[in-house]
Amino acid sequence: MKILEIALMPPGKKSGGELGIYQSICSLSAIGTVDYIGPDFKRKLFSNNVRKLFILTPDNESLKCERIWRYLLKKVSTSFYSSWAKIENSIDWKSYDFVHIEFSRYEFIVKQAQKNEKKVLVRVHNIESDYGYNIFRLTHKLGDYLRYHSFKTNEKKVMKDADGLVFLTRRDIDRAIKKYGIEKSKAFLNPVCMEEQIVDLKKNKGGEDTIHILITGSFSYEPNEKGIIWFLEHVWKELENGKNQKKYQLTLAGGNAKDRMIDFIHIFKNIDFVNTPESMHPYFENADIYVASIFSGAGMKVKVAESLSYGLPVIGTDCALEGYEIDSKSIMAANNKEEFISALLKVDKISDKRREVVRNYFKKKYSMESSIGRYQKIINKFMEAEDGYN
């Protein structure tokens with residue numbers, strides 16, 4: 001099988017979008033041969049089953065008025081459009097079994113693929129119109145409004161015209177059915193998945209009486225910042241001052257923390273604050289429990305799958321755990337102060353046996369192997385136009 005993968009963001013292992021594209025290509029390349037069109041990725045990420053067909057470059061030189069014109073007239077919200085326009089007629093469309101496109105906001109790519117009589121499978125990372133609206137609601141900038149409007153216009157057409165849609169969560173499927181009236185037969189489910197991590201438990205720091213809690217994420221992202229501040233004010237303060245027999249150490253590791261947040265963190269005791277670490281690996285390796293105190297935001301949270309990939313149990317809000325199946329030994333839900341404190345008081349030092357339980361859960365649900373298996377089933381049904389909502 002030969003597959004054409006088109007992504008207007010490079011695959012990688014940093015942001016959720018990059019990881020999602022990385023997951024797609026890893027899964028597809030295990031099933032067939034993949035030709036890639038999109039921004040360059042700087043290091044060798046994949047096997048020989050992936051070939052860089054065309055590398056797109058951003059148009060960063062265009063004036064603001066040109067970008068607004070592009071939003072208004074073409075309804076295009078990507079700096080790679082000019083680069084795409086130069087190569088779209090050079091693609092040997094007939095050589096591919098189908099086209100796989102990342103994100104549900106690029107109607108012009110779907111249109112070109114179908115013009116060349118190719119079936120199109122779109123990976124829906126989130127509901128783009130909702131994502132765009134939330135950004136505009138926070139900034140109230142004209143550019144963000146125009147981008148939101150282009151997302152909404154294009155996504156409606158993509159949802160209607162694509163032959164198949166791969167969603168991360170059932171909530172997004174339900175939202176697409178309600179908002180765009182998509183056919184259930186076009187909707188498939190494959191959550192965030194990644195590779196399992198190797199963990200050296202001998203490196204676990206601290207005495208046997210100290211339980212290490214880990215929180216990670218981009219500190220400049222508002223939902224992360226608000227979630228961390230809420231956790232410190234309502235939960236960590238209680239654990240610090242509590243009269244329980246357990247000792248806790250909190251590690252906050254992430255990027256781009258604002259000065260106001262740094263000052264706030266320093267009010268509290270027993271916190272290791274790591275701003276923009278080179279690698280997150282040692283912090284996941286040394287933790288006993290991962291906390292995701294996020295109360296807003298769309299889509300699946302990659303950090304939860306990342307924690308599970310290390311065999312690390314997770315306590316999180318319903319928002320943080322969207323798209324994940326609750327499992328009492330691996331994932332625990334908490335949505336208020338009392339629930340978080342109750343869950344954390346039950347936490348002990350993580351054992352080899354506990355990590356193995358979490359690893360097995362991860363392998364079954366959110367590993368790259370599970371993603372490959374789902375994609376194989378999706379492609380079989382997609383190519384046969386069978387019912388995909390399962």
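A contact here means heavy atoms within 4.5 Å. Among contacts in the protein chain between residues at least 6 apart in sequence, 67% join residues at least 24 apart.

The structure is a predicted model, in which local features need pLDDT of at least 70 and side-chain atom pairs count only at pLDDT 80 or more, while totals for chains, interfaces and linings use all residues. Residues are numbered from 1 along each chain as its sequence is written, and side-chain values use heavy atoms, with hydrogens and water left out.

**Overall form**

The protein chain has 14 helices and 13 strands; these are DSSP runs numbered from the N terminus, with helices being H or I of at least four residues and strands E of at least two. The C-alpha trace spans about 70 × 45 × 40 Å along its principal axes.

Of the 390 residues, 53% are buried, where buried means under 20% relative accessible area, exposed over 50% and partly exposed in between (1.4 Å probe, protein chains only). The side chains include 62 positive and 52 negative ones, and the centres of the two sets lie 2 Å apart. Lys and Arg count as positive and Asp and Glu as negative, with His and the chain ends not counted; each charge is placed at NZ of Lys, CZ of Arg, CG of Asp or CD of Glu.

**Cysteines**

With a disulfide defined as a pair of cysteine sulfur atoms within 2.5 Å, the count is zero. Two cysteines are set out below.

| Cysteine | Closest cysteine sulfur | Sulfur distance | Relative accessible area |
|---|---|---|---|
| Cys-193 | Cys-26 | 11 Å | 3% |
| Cys-319 | Cys-193 | 19 Å | 15% |

**Two helices**

Ser-371 is found in helix α14, residues 368-384. Ser-371 is buried, at 0% relative accessible area. Leaving aside residues up to four places away in sequence, Ser-371 touches Gln-23, Ser-27, Asn-190 and Cys-193.

Helix α11, residues 302-309, is mostly covered, with seven of its eight residues buried. Among them are Val-302, Val-304, Leu-308 and the charged-type residue Lys-303. Just after α11, Gly-311 takes a positive phi of about 75°.
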